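Come and look around with me.

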Amino acid sequence: MKKIKITIINSVLAPIISIASLVALAEEISADEFEKKDEMKHPILVQAPMPIEAKEFAGRLENVKVEKSGSTFIFYIGTVDDYPVIVSKTGKGMENTAAATAVAINKYKPSAIINQGTSGGHDPALNVFDIVLGERTVNIGSMKTGDRAEGEGIEAKNWKPMDIMASEGSAGEDPNAEKARYYEADPELLAIANQEKNNHKKGKVVKGTIGSADLWNNEIDRINWLHENYGTSVEEMESASAAMIAKAYEVPFLAIRILSNNKTNQGAYNADTAIANQKYVYKVVREYISTLNNK
């Protein structure tokens with residue numbers, strides 16, 4: 001923001017200031033005041049990995065313009081109830097999502113981030129179309145194997161969590177590096193999302209743990225092991241990496257995931273879940289906007 005300093009040397013020089021200069025000064029001050037006012041409305045960022053998980057929400061935006069970053073990241077910039085909202089297609093996977101989150105934070109300065117989309121169930125009590133509000137997220141792909149010599153086989157159930165954020169040095173130097181790191185949801189976002197749970201008619205809405213990794217688990221025993229050891233409700237490939245970047249920049253974060261399938265109870269895949277989740281998230285965003293406008 002440009003600072004304006006006017007020094008009047010003496011009363012003789014004062015009349016020399018032209019009308020044009022005063023007009024320019026007034027315009028500059030008005031621009032500064034507008035910028036200050038606009039700073040009060042940092043956009044809400046809604047993330048989605050794939051087009052099917054983004055298009056329903058993006059279609060609800062008003063005054064939309066589209067911006068791209070690189071060959072993967074697309075940002076639909078618009079408004080909801082006259083408040084700025086950006087829908088970000090991040091691409092699938094932890095790396096894409098982390099990069100898209102960092103780009104969005106630096107470029108758009110969001111007031112909050114909601115990562116949403118579909119997921120696979122880990123909890124047998126959850127069914128297709130149920131929604132999990134990510135009370136916490138965790139990277140279930142960051143692991144450390146045991147020491148086994150050639151020919152001694154693979155013991156995947158004995159692998160330990162590896163927290164890459166626990167130490168700046170070797171992971172072996174910090175005992176906490178072998179504990180799973182959980183990223184807690186922003187309390188206000190979580191509370192608002194939970195208030196809307198009765199508006200989701202196709203399934204129930206619960207608080208839970210969302211596990212993320214560049215993995216697609218189809219082994220029931222492996223899914224059950226992750227559910228037991230990490231407390232996961234569902235798995236997907238994005239939320240934990242977005243949560244990590246959001247925490248680094250101190251941006252409020254919440255993940256909202258709907259079950260598109262659940263192999264633990266034979267819940268078959270249903271593509272319509274992506275649309276249902278976006279409709280729910282839209283209600284959450286509108287409610288969050290109303291709280292921001294009342295502050």
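**Entry 1: a lysine in a loop.** I began with K201 and found it in the loop between α4 (187-195) and β10 (205-212). I kept in mind that this is a predicted model. Is K201 buried or exposed? I looked up its relative accessibility, which is 70%, so K201 counts as exposed, because the cut-off for that word is over 50%.

Entry 2: I moved on to β4, which runs over residues 83-89. How many of its seven residues are buried? I noted six, so I wrote the strand down as mostly covered, where buried means under 20% relative accessible area.

**Entry 3: the neighbours of β4.** Which strands pair with β4? I found β1 (residues 44-48) in the parallel sense, over five bridges. In that pairing Q47 stands opposite S88 of β4. I also found β3 (residues 73-80), which pairs with β4 in the antiparallel sense over seven bridges. Here T79 has P84 in β4 as its bridge partner. I then followed the chain from β3 to β4 and saw a hairpin with two residues between the strands. In the turn, D81 has a positive phi of about 55°.

**Entry 4: a tyrosine under cover.** My last stop was Y183, in strand β9 (residues 182-184). Its relative accessible area is 10%, so I listed Y183 as buried. I also looked up F253: Y183 and F253 are 70 residues apart in sequence, and their C-alpha atoms are 9.2 Å apart in space.

Methods
Residues are numbered from 1 along each chain as its sequence is written. This is a predicted model: local features need pLDDT of at least 70, side-chain atom pairs count only at pLDDT 80 or more; totals for chains, interfaces and linings use all residues. Side-chain values use heavy atoms; hydrogens and water are left out. Helices (H or I, at least four residues) and strands (E, at least two) are DSSP runs, numbered from the N terminus. Buried means under 20% relative accessible area, exposed over 50%, partly exposed in between (1.4 Å probe, protein chains only). Two strands pair if DSSP finds at least two bridges between them.
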